[in-house]
Amino acid sequence: MKPIYLNLSKPADKLPTGSSRFWGNPDLPNGTDYPTYTDEDGEEYHYEFVCQINLADIAALDTEGILPHKGLLSFFAKIDYYMGNFDNDPGVSGYISDTDDVKVLFFPEVDDTFQEIVLIDDDDEQVNPMELKINFAHSNKQYGSDHALLAPPNHREWETWDPPYEDWQILLQIDSDEGDDFHLNFLDWGVLDFLISPDDLRNHRFDNVRAIVLST
């Protein structure tokens, strides 16, 4: 399978509801809450919204039909630590995570019930970094970052993942990166890999995705 790279750029205008975006705020259908998790002390926190992929945008590049070709795939993770919030638990680390360290939501249809969910802090400021436009391609030469769907395990220093995940595949890889209002550093400029089992990928099930941080 060929990786599909996510090449990021600043949008000229506000991105439409349901469009592919990196950072910014997720679009969720009415009745769907922004995903949260509870820490060991019983405190509730929001996952960091990483990106959402309008799957129609990658259909022409996914010639093997590995992913759905319509709908919205949204990625969330416990990565506040890697964005400079060092008081928080790192969440995803150098070992394959539990299922509650990341959250991937798949919506088969995108319609007019979707709306942007904006997180606001105590100063009425937007919590998440400003949104970036995603251009999809089979190459990242112009941009250099290894943000990619269906990425090969190039950053892995061993032959396979640890048991029982030996044959799991990288659904999405997020590279360390920085911009005007964010600094994302996975353990000395490594990557975050969202991992999925071949059976779940084949059946378009995204509720058992796990993750790992790799750094060489």
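**Reading a core, a sheet and one glutamine**

Guide: Of the 40 residues in the largest nonpolar core, those touching the most other members are L6, F22, I53, F75, L149, L192 and F194. Another core lies apart from it, with 12 residues, among them A151, W161, Y165 and W168. This is a predicted model: local features need pLDDT of at least 70, side-chain atom pairs count only at pLDDT 80 or more, and totals for chains, interfaces and linings use all residues. Residues are numbered from 1 along each chain as its sequence is written, and side-chain values use heavy atoms, leaving out hydrogens and water.

Visitor: What is a nonpolar core?

Guide: A set of buried Ala, Val, Leu, Ile, Met, Phe, Trp, Tyr and Cys residues, joined through side-chain atoms within 4.5 Å.

Visitor: Is Q173 buried or exposed?

Guide: Buried means under 20% relative accessible area, exposed over 50%, partly exposed in between (1.4 Å probe, protein chains only). Q173 counts as buried because its relative accessibility is 3%.

Visitor: Which residues does Q173 touch?

Guide: Contact means heavy atoms within 4.5 Å. Leaving out residues up to four places away in sequence, Q173 touches D146, H147, A148, A151, P152, H155, V191, L192 and D193. A polar atom of the Q173 side chain lies 3.1 Å from the backbone oxygen of D146.

Visitor: Where is Q173 among the strands?

Guide: Strands (E, at least two residues) are DSSP runs, numbered from the N terminus. Q173 is in strand 12, residues 169-175. Strand 12 is joined by 6 bridges to strand 15 (residues 191-196), and the two run antiparallel. I170 has L195 in strand 15 as its bridge partner.

Terms used
Helices (H or I, at least four residues) and strands (E, at least two) are DSSP runs, numbered from the N terminus. A polar contact is a pair of N or O atoms within 3.5 Å; within protein, one must be able to donate a hydrogen and the other to accept it, and residues adjacent in sequence count only if both atoms are side-chain atoms. Two strands pair if DSSP finds at least two bridges between them.
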